[in-house]
Amino acid sequence: MALRLIVVALFFSSPGVLVAQQPHIVFILADDLGWNDVGYHGSEISTPNLDNLSADGVRLENYYVQPICTPSRSQLMTGRYQIHTGLQHSIIHGCQPYCLPLDEKLLPQLLKEAGYSTHMVGKWHLGMYKEECLPTRRGFDTYFGYLAGHENYYSHKWCAHIPEQGVHCALDLRDGEEVASNYSGVYSTELFAQKTISIIENHQSTQPLFLYVALQSVHAPLQVPKRYLTPNKLITDENRRLYAGMVAAMDEAVGNITLALKQQGLWDNTILVFSTDNGGQPLYGGSNWPLRGNKGAMWEGGVRGVGFVASPLLQQPVTISHELIHISDWLPTLVGVAGGSTNGTKRLDGFNMWNTISKGDSSPREELLHNIDPLAHEIPTSQCDDEVVHDDSWADVGFNTYIQAAIRSSKWKLFTGPQGCSVWHSRSDQSTSESSPSVKRQLKTVMLFDIENDPQETKDVSAQYPDVVKDLLKRLKSHQESAVPINFPRDDPKCKPGPDEAWGPWA
């Protein structure tokens, strides 16, 4: 312990670090929040708390997440690409018998080693089939939330078709490892905010706090108390109006959490990170306009994330950053600013971005692997009737271009294989032919885009820059050689609610 305190003291007295003590860290993760769903991106949805917090902090405008839930959360917790944890394909479904590998050392474990009190509220979605997979076994001192990927905002139940058993619906809400059955009818956004505020109010300020708040908002189903709909009554599209109410409830929750930090005297030594887990889902009211694509796809609309850092500890606040940052970077960044060590982890894919965020330094990240998913080519091409045109002219490079993959290097972004829904979903008050899923498009199995000059991915320039394509295909080949086998088992017939009629570990 004495040695750890010496290391921390040395870290926080180092040049350029203005933090006099270990900072409190609050990480708020929204679910399915789209690029065009915050006021400061020009949305018709009002988000005053997010707008004000981000305006006083650092807005991350070249920030990337994964296109779906589990992969983003796994990379946040491990600092490692999903090709290195076996989670390349899809999400962890509730009845699948696996979880984020137990030999991975997670962010809360590293912060506990650095002396932090660690707490989680909200959505886990990293596997629950056995007790060792639960948040309280992976580094969190306390946990309140739900273990699977989605549920009813009021009843806190979800349903699953279990092999050989049929459909079962049950509660998914836990306080620690115990079923929390007394919250039926309480809207989850407000419930999770209340639980978060309670942790803040009961925290001893002499110990550094790590608080991970993984909100259910704004994932489907579209459910929200009526009082949040009134400010959005002029939005004519019903799904968008309901969704806007959900965003308003989330924005209010973030404001209340921030207020609690200030009232408890913690704010001046707090780093608050806000991030979405993936792009918005237009089918349920989300919008990524003007970016192409949606949740579930590696187009910019699926992976360019809303994100910012707010903190009095920032050396250059009131800043818009265009430096390349990825969700896997948070583990080394936060452990670094906490004065901790990442020596106990496997090889990280993330970078320490604190100087990039706080001081405006250049990003140490020059490349970003969005994913390589060999199973995705077995799935129907897309939900939007796009036609995939196979291009075999790159076969000599050695990477199978029929595999779904995407990589970013400097300003370039390369796609291979089928890429899902490729449309530009318009804003709810606009209508264009490009936003109609019924328009059939031809998509090559190899496409190259200049993201800096064409962030909307309108022009494939692979024919003009063949050397760039070859170099990036070689990088994909190198990444694939380092990948571990995909872990995606069938649903377990033994999965079923327990005797308390709640979902939880069954193995």
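In this predicted model, a negative surface patch is formed by Asp-175, Glu-178, Asp-500 and Glu-501, where Asp and Glu count as negative, Lys and Arg as positive, and His and the chain ends are not counted. Such patches are made of residues with over 30% relative accessible area and no salt bridge, like charges being joined within 9 Å and nonpolar side chains (Val, Leu, Ile, Met, Phe, Trp, Tyr) within 5 Å. Of these residues, Asp-175 is found in strand β8 (residues 174–175) and, at 43% relative accessibility, counts as partly exposed; buried means under 20% relative accessible area, exposed over 50%, and partly exposed in between, with a 1.4 Å probe and protein chains only. Helices (H or I, at least four residues) and strands (E, at least two) are DSSP runs numbered from the N terminus. Because the model is predicted, local features need pLDDT of at least 70 and side-chain atom pairs count only at pLDDT 80 or more, whereas totals for chains, interfaces and linings use all residues. Residues are numbered from 1 along each chain as its sequence is written, and side-chain values use heavy atoms, with hydrogens and water left out.

Side chains of opposite charge can pair when their charged atoms come close. A search of the whole structure finds 22 salt bridges, each being a side-chain nitrogen of Lys or Arg within 4 Å of a carboxyl oxygen of Asp or Glu. One of them joins Lys-123 to Asp-31, with the closest N and O atoms 2.7 Å apart; since Lys-123 lies in strand β4 (residues 117–123) and Asp-31 in the loop between β1 (24–30) and α2 (48–56), the pair ties together parts that are 92 residues apart in sequence. Lys-123 is buried at a relative accessible area of 0%, and Asp-31 is likewise buried at 0%.

Glu-44 forms a salt bridge with Arg-240, the closest N and O atoms lying 2.9 Å apart, and because Glu-44 belongs to the loop between β1 and α2 while Arg-240 belongs to helix α6 (residues 238–263), this pair ties together parts that are 196 residues apart in sequence. Glu-44 is partly exposed at 28% relative accessibility, whereas Arg-240 is buried at 3%. In a further salt bridge, Lys-346 pairs with Asp-103 at 2.8 Å between the closest N and O atoms, linking distant parts of the chain, 243 residues apart: the loop between α8 (330–337) and α9 (354–359) for Lys-346, and the loop between α3 (69–78) and α4 (107–113) for Asp-103. Lys-346 is partly exposed, with a relative accessible area of 35%, and Asp-103 is exposed at 53%. Salt bridges that share partners also join Asp-31, Arg-73, Lys-123 and Asp-277 into one network.

Asp-492, in the segment after α10 (466–482), is buried yet has no salt bridge, and the nearest side chain of opposite charge, Lys-494, is 5.7 Å away. Leaving aside neighbours within four places in sequence, Asp-492 is in contact with Cys-95, Pro-97, Ile-162, Pro-163 and Trp-506, contact meaning heavy atoms within 4.5 Å.

Most residues other than glycine have a negative phi, and most peptide bonds are trans. His-125, which is not a glycine, has a positive phi of about 60 degrees and is buried at 3% relative accessibility.

Technical notes. Accessible areas come from the Shrake-Rupley method with a 1.4 Å probe; for residues, only the protein chains shown count as cover. The place of a charge is taken as NZ of Lys, CZ of Arg, CG of Asp or CD of Glu.
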